[in-house]
Amino acid sequence: MGDAAEDRAKAAELPEGDVIRILLEQHARIRDLFTEVKTASGEARQTAFDNLRSLLAVHETAEEMILRPVTGEAGGKEIADARNQEEAEANEVLAELEKLDVTTVDFDTRLVAFEKSVDDHAEAEEHEEFPLVLETCSPDMRRQLGSRLQAAEAAAPTHPHPSAAGSTAKQMVMGPFASLVDRVKDAITKSGS
């Protein structure tokens, strides 16, 4: 299983704004949020899960839109396809988790399995995809990709959308509309609390 401190240490070795640094820092935050969800209770648990769900939705969408095409062009089409497939599957599970009450045993059971699959996915990215990008892209290109990734994240959906997951083309077409709907839904939910 991956470790948040290890992700942060690897990230710190890369320049600020580097796409791989940004993604490693997000992997660390995702791991932290899984721990928060598992240890929190009541409203704090729901908030921690909402933060996890939002970060995962945004993170995966941006990876599919920005990183996967670069990975494919660098000779890693099979790697990119495998990661996209994993993200499509994770999106389905995340959508199911979102519908569950976070205080139930069913939620706990599914969360544990989901955390394992997310961790396996992150480890595959860190050991197969990220080294390929680091090897084939200059530091300037990786900073440009970092800027593009952050722009994509700013406009990405904050909830899972399984019908678009795993496809760069679908993310480009459906993402902005889904994001608008999600952000309105989030604002309404927040205003009601």
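Is R29 buried, exposed or partly exposed? R29 is partly exposed, with a relative accessible area of 33%; buried means under 20% relative accessible area, exposed over 50%, and partly exposed in between (1.4 Å probe, protein chains only). This is a predicted model, in which local features need pLDDT of at least 70 and side-chain atom pairs count only at pLDDT 80 or more, while totals for chains, interfaces and linings use all residues. Residues are numbered from 1 along each chain as its sequence is written, and side-chain values use heavy atoms, with hydrogens and water left out.

**Nonpolar cores**

- The largest nonpolar core has 18 residues, and those with the most contacts inside it are V19, I20, V133 and L149.
- A nonpolar core is a set of buried Ala, Val, Leu, Ile, Met, Phe, Trp, Tyr and Cys residues joined through side-chain atoms within 4.5 Å.
- Two or more residues of this core come from each of α2 (19-39), α3 (42-99), α4 (105-136) and α5 (139-154); helices (H or I, at least four residues) are DSSP runs, numbered from the N terminus.
- Apart from this core lies another, of 17 residues, including L33, V37, F49 and L97.
- Residues up to four places away in sequence aside, L149 touches V19, I22, L23, A62, E63 and I66; contact means heavy atoms within 4.5 Å.
- In soluble globular proteins, nonpolar side chains tend to be buried together.

- In helix α1 (residues 4-12), the buried residues are A4, D7 and A11.
- Seen down the axis of α1, these buried residues fall within an arc of 60°, so they line one face of the helix; the arc is that of the directions from the helix axis to the C-beta atoms.
- A5 and A12, on the other side of α1, are exposed.
- The cover over the buried residues of α1 includes α2 and α4.
- D3 caps the N-terminal end of α1, with a side-chain oxygen 3.2 Å from the backbone nitrogen of A5.
- α2 has 21 residues and reaches 30 Å from its first C-alpha to its last, close to the 30 Å expected at 1.5 Å a residue; the expected span is 1.5 Å times one less than the number of residues.
- At the start of α2, a side-chain oxygen of D18 comes to within 2.8 Å of the backbone nitrogen of I20.

**Salt bridges**

- The structure holds 26 salt bridges, each a side-chain nitrogen of Lys or Arg within 4 Å of a carboxyl oxygen of Asp or Glu.
- E36 and R29 form a salt bridge, their closest N and O atoms being 3.1 Å apart.
- E36 counts as partly exposed, at 32% relative accessibility.
- R68 and E125 meet in a salt bridge through their side chains (2.7 Å, N to O).
- This pair links distant parts of the chain, with R68 in helix α3 and E125 in helix α4, 57 residues apart.
- R68 counts as buried at 3% relative accessibility, and E125 is buried with a relative accessible area of 0%.

**Around E126**

- E126 forms a salt bridge with R31, the closest N and O atoms being 3.5 Å apart.
- E126 lies in helix α4 and R31 in helix α2, so the pair ties together parts that are 95 residues apart in sequence.
- Both E126 and R31 are buried, E126 with a relative accessible area of 8%.
- A network of salt bridges links E6, D7, K10, R31, D119, E123 and E126.
- Neighbours within four places in sequence aside, E126 is in contact with D7, K10, L24, H27, R31 and P131.

How values were computed
Polar contact = N/O pair within 3.5 Å; in protein donor to acceptor, adjacent residues only side chain to side chain.
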